[in-house]
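Try each task on your own before you read its solution.

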Amino acid sequence: MGLTFRRLIIWVVIIVTGILLNTTYLWANEPDSAKSKLDTTEKKETLKPGDIIFEHIGDSYDWPIVSFKDKIISIPLLVIVYSKTTGFGIFFSSKLEHGHKAYKGFEIAEEGKYKGKLVEKLQDGSIQKPFDISITKNVLSLLISFALMLWMFISMARKYSKYPNEAPKGMQSMLEPLVIFVRDEIAIPSIGKDRYEKFMPYLLTVFFFIWINNMMGLIPIFPGGANVSGNITITMILALITFVITLFSSNKFYWVHLVNTPGVPWWLKLPVPLMPFIEFSSNIVIRPFVLMIRLFANITAGHINVLSFIMLIFIFGAMNPIAGFSFTPVSIAFVVFIYFIELLVAFIQAFVFTLLSALYFGMAKEQGHH
Amino acid sequence: MGLITPDPGLLFWMIVSFLIVFFILKKYAWKPIINALKNREKSIENALRQADKVKLEMEKLQADNQKLLAEARVERDKLLKEARLMKDKIIEEAKGQAQDEAKKLVESARTSIQNEKKAAIKEIKDMVAVLSIQIAEKLIKDKLSSNTNQSDYIDKLLNEIKLN
């Protein structure tokens, strides 16, 4: 009796949270859909869900909060550009009016190679891309996540020095198992008990960076919602740093292993260096590349999934309002389901990236004893 | 496609901020946290080991105590037994001594009584002798006042003495 009642309560809570999450998501989604509707009225009522989704998971110069009819409320962000002709330009993106207006010769390209990016229109009418280090939505989200990490872990460290040898309290007790998890389940088994310590700071930073950004990406309103850990630039840099650390911590055996793999027949190495080629491409090219693609694809796919199910409502709604309304519960149920999977994926991807990094470090540090 | 082309602005911010955050966290967060965790684990391990040691010691102590207690009990029993023996012996000795003493007293009393008795008898004898002499004197004085009487008496006495 008690068990079934508890289960009932759990289901009610899950459904209510799901609905809440999704209503907020719809709100965050609103500007794009509203804008797209604006666009579609101009372009004869054609809904372009693909464009909306890509706009959502991509970067932007302002941070949309909500829009109603043709009024868009968004947080203006700082644009920092350097152009060879006019020098530095620092201004708020509100000056650009969501891409409708040019400011000091800078405007957001509506199509072409630089679509969505800030470009400078030269006097002869040609377009030039300036050096652009604007605080975009992704950059701001990145900085917020870094600030969050600094605050979380420095305050946690301070607690340790304040109350040494005491049971953890508050956030410390939530983060400590994760730190121990990274140490005991990732670093020690893959690198080895006597060498893991040197890599712990990087592994912990990467683990929490990916996890926190994945989770923030799932929050539909302001501090979250940006697709940071599903951005190829971010995953590329993470993969590159892992790669560089691997190279710098590699020892002689690692390179011997690459060039002259032990335990492989000689004819795979000598006339045609097949094995060295495979080893090199695996270690130098494929591993970092796969590391980059995996995180990017998983997180972006999650965002696309959620957005697609929400877009289904508008696709059906564009065909027939009744169809749109009646499909809403189905769509929301799917989104709730995906959301729970995404919560899991957020952790799993952080875990996988950290684990693989640790494995690569472990291989680079391995001694020739096999 | 915009989705898979790296963005230089984001790349710049990511590298700069990631490295800064990494080094700050490394110095002010990860090192203290990892060290604190390690120290705590060590201290817990030490405490557990200490507890085990103390437990063992306690057990040993308890065993020692038990042993001591048993020894003390045996000692006590022995002491009690000895005391009892001693008591019996003392009583016995005292009894013997008292008996001896009593015997001696009785003996001495008896000898002194004997002596007294002898002395008394002797005295009585002396007295009787003196008295009889006095009486005899008086009698003789009376009886032998006349010659006849004297000769009668001598005859009588001579008659009494029978020569055998």
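**Exercise 1: two helices in contact**

Task: Find which residues of H4(A) meet which residues of H5(A).

Solution: On the H4(A) side, look for A:Leu175, A:Leu178, A:Val179, A:Phe181, A:Val182, A:Arg183, A:Ala187 and A:Ile191. Their partners in H5(A) are A:Met200, A:Leu203, A:Leu204, A:Phe207, A:Phe208 and A:Trp211. Sorted by class, this contact holds 13 nonpolar residues, no polar ones and one charged residue. Bear in mind that this is a predicted model.

**Exercise 2: how the helices cross**

Task: Describe how H4(A) and H5(A) are oriented to each other.

Solution: Begin with what has to be stated. Two packed helices are described by the angle and the distance between their axes. Next, take the values: H4, residues 171-191 of chain A, packs against H5, residues 200-218 of chain A, at an angle of about 125°, and their axes are 10 Å apart. Now classify the angle: angles over 145 degrees count as roughly antiparallel and 65 to 115 as roughly perpendicular.

**Exercise 3: the form of chain B**

Task: Compare chain B with a compact globule of 164 residues.

Solution: First, count the elements: chain B has two helices and zero strands. Then compare the radius of gyration, which would be near 15 Å for the globule but is 64 Å for chain B. Next, check the spans: the C-alpha trace of chain B covers about 205 × 30 × 15 Å along its principal axes. Last, look at confidence: chain B has a mean pLDDT of 88, with 97% of its residues at 70 or more.

Note on methods
Residues numbered from 1 in each chain as written. Chains lettered and ligands numbered in written order. Predicted model: local features only at pLDDT ≥ 70, side-chain atom pairs only at ≥ 80, totals over all residues. Heavy atoms only, no water. Axes fitted to C-alpha atoms, helices over the stretch in contact; angles between N-to-C directions. Helix = DSSP H or I, 4+ residues; strand = E, 2+ residues; numbered from the N terminus. Parallel < 35°, antiparallel > 145°, perpendicular 65-115°, else oblique. Contact = heavy atoms within 4.5 Å. Nonpolar A, V, L, I, M, F, W, Y, C, P; charged D, E, K, R; others polar. pLDDT = per-residue confidence, 0-100. Rg over C-alpha atoms; globule rule 2.2 N^0.38 Å.
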